[in-house]
Amino acid sequence: IDTKHKHYEVYVGSHIYESALSLYTHQLQKADHVVIFVDEVVANLHGEKLQKPLETISGKAVHVFKLPAGESSKAVETFMACHSFLLEIGCTRKSIIFALGGGACGDVVGFVASTFMRGIPFFQCPTTILAHDSAVGGKTAINHPQGKNMIGSFYQPEAVLFDVSTLSTLPQQEILSGMAEVIKHALISDQQWLQELLEFPSFADISSTQYLAFLVKGIQVKAAIVEEDEYEQSVRKYLNLGHTYGHAIEASTGFGKITHGESVAIGLVIALLLSEEKQLLDQGNARKLFEALTKFGYSFDSVLEHGIDELLSYMKRDKKASFGELHFVLLEQIGKPCMNIVSVEDVTLAHEQLRKWIK
Ligand code: NAD
Ligand code: ZN
């Protein structure tokens, strides 16, 4: 990834920690402390895979700090606990930290790295499918009770080490969550790829080589966008397809009670419905996506559980909203996103249409 201020590599493959870390031997040996912040579930499953080669290559004992599993780690309390740990063990600007876990762990640890003593180097070691999106591009964040990702920064990692062998322990729901962002990347970039994805009978049967191909493709789409617009002034906004309504679903259901990707999947259908309402996109695309997502096992129940007024109160707080207007990413065609101002009536109509389909 080449941004204005930073160049870094994304390594993707099976059992790659040792070989990838060895390329950073000098940096790791120079560090006064090396710390792994790890999702507590991932710690038990894959912690050693990273810790052992890191100790050998850095030539020092590595400190390990476990974070609550998943989305609950993106709370201000965890953020503070990470800083306290770094201070207690005497970390300085010469220390290096690692985030080992899913997107939640990467987001909070990235934010810790960007704020500890005004910024120290960190490595992203993602362990979920969704992290092909979250670990690349340098967005870091924690949640505020009033809204998702409300506190955060742009801060690029030293490198991303994506060991896909860790994906073998992912629960089915997390596979679905991750694949939602893969579908998002296809929707904004490539009709053919989208078609191929939606035609799979089930994501549970996809082979690891296919996952690898999707992840690499997703990372390439994301990389191209981040390189053009690191700070989300223009095209990077397109990566938020499905996220305006999706974040509202996620926040109103309760962080961690529904996966990020499942909320985004619902938001993608709403975005396509809105695109059709505005006569940007040909009719039928939203329905096709809805049917494919239903076939894969995505749940739409939360749409029935929340009224539009409740969802709108979150959407109006969205980071893309300004002067009370709702700014949505929509599609002119599959593969061609655009920004659009959407009225409350438009969203209400799309919400009601989706509810009818679900019932
Ligand atoms: P997650 O980090 O919440 O992890 C989901 C669950 O899977 C957790 O319970 C975790 O313990 C478990 N888990 C993780 N890896 C595992 C493994 N290999 N085996 C078994 N269990 C495992 O979920 P996620 O979907 O990776 O990330 C979602 C977060 O990413 C959201 O907070 C979202 O906002 C954020 N995100 C950020 C960006 C960005 O650009 N920064 C982009 C997309 C999403
Ligand atoms: Zn997302």
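Setting aside neighbours within four places in sequence, Lys336 touches Leu187, Ile188, Leu330 and Leu331, where contact means heavy atoms within 4.5 Å. The model is a predicted one, in which local features need pLDDT of at least 70 and side-chain atom pairs count only at pLDDT 80 or more, while totals for chains, interfaces and linings use all residues. Residues are numbered from 1 along each chain as its sequence is written, chains are lettered from A and ligands numbered from 1 in the order in which they are written, and side-chain values use heavy atoms, with hydrogens and water left out.

Back to Lys336: this residue sits in strand β10 (residues 336-342). Helices (H or I, at least four residues) and strands (E, at least two) are DSSP runs, numbered from the N terminus. With a relative accessibility of 39%, Lys336 counts as partly exposed; buried means under 20% relative accessible area, exposed over 50%, and partly exposed in between, with a 1.4 Å probe and protein chains only. Ser189 is 147 residues away along the chain, yet its C-alpha atom and that of Lys336 are separated by 6.6 Å.

On to the overall layout. The chain splits into domain 1 (9-167) and domain 2 (171-358), with bounds that come from an automatic or database domain assignment. Their C-alpha centres are 27 Å apart. At the interface, 24 residues of domain 1 are in contact with 30 residues of domain 2. Together the two domains bury about 2300 Å², with carbon and sulfur atoms giving 69% of that; buried area here is the accessible area (1.4 Å probe) that two parts lose on being put together, summed over both. On the domain 1 side, Ile129, His132 and Lys148 lose the most area to domain 2, together 27% of what that side buries.

Polar links also cross this interface. Between domain 1 and domain 2 there are four salt bridges, a salt bridge being a side-chain nitrogen of Lys or Arg within 4 Å of a carboxyl oxygen of Asp or Glu. The count of residue pairs in polar contact between the two domains is nine, with both residues at pLDDT 80 or more. The elements giving two or more residues to the domain 1 side are β1 (9-13), α6 (131-134), β6 (139-144) and β7 (147-154). Of these, β7 gives the most, with five residues. A polar contact is a pair of N or O atoms within 3.5 Å; within protein, one must be able to donate a hydrogen and the other to accept it, and residues adjacent in sequence count only if both atoms are side-chain atoms.

Lys148 deserves a paragraph of its own. This lysine lies in strand β7 and, at 5% relative accessibility, counts as buried. Its side chain makes polar contacts with the side chains of Glu71 (2.8 Å) and Glu250 (3.1 Å). Glu71 and Lys148 also form a salt bridge, with the closest N and O atoms 2.8 Å apart. Glu71 lies in the loop between β3 (63-67) and α4 (76-88) and Lys148 in strand β7, so the pair ties together parts that are 77 residues apart in sequence. Both partners are buried.

Over the whole structure the search finds 13 salt bridges. Among them is Lys139 with Glu232, whose closest N and O atoms are 2.5 Å apart. This pair links distant parts of the chain, with Lys139 in strand β6 and Glu232 in the loop between α9 (208-228) and α10, 93 residues apart. Lys139 is partly exposed at 33% relative accessibility, whereas Glu232 is buried at 15%. Lys217 and Asp190 form another salt bridge (3.1 Å, N to O), joining helix α9 to the loop between α7 and α8 (191-198) across 27 residues. Lys217 is partly exposed, at 31%, and so is Asp190, at 22%.

Finally, the metal. The zinc ion (ligand 2) has Glu181 (OE), His243 (NE2) and His260 (NE2) as its protein donors, lying 1.9 to 2.1 Å from the ion. Donors are N, O and S atoms within 2.8 Å of the metal (3.2 Å for Na, K and Ca), and water is not among the atoms, so sites may look incomplete. The donor residues are spaced E-x61-H-x16-H in sequence. Glu181 lies in helix α7 (residues 172-189) and His243 in helix α10 (residues 243-253), so the pair ties together parts that are 62 residues apart in sequence. Glu181 and His243 are both buried. Glu181 also belongs to a network of salt bridges with Asp133, Lys184 and Lys222; within that group, the side chains of Lys222 and Asp133 meet at 2.7 Å, N to O.
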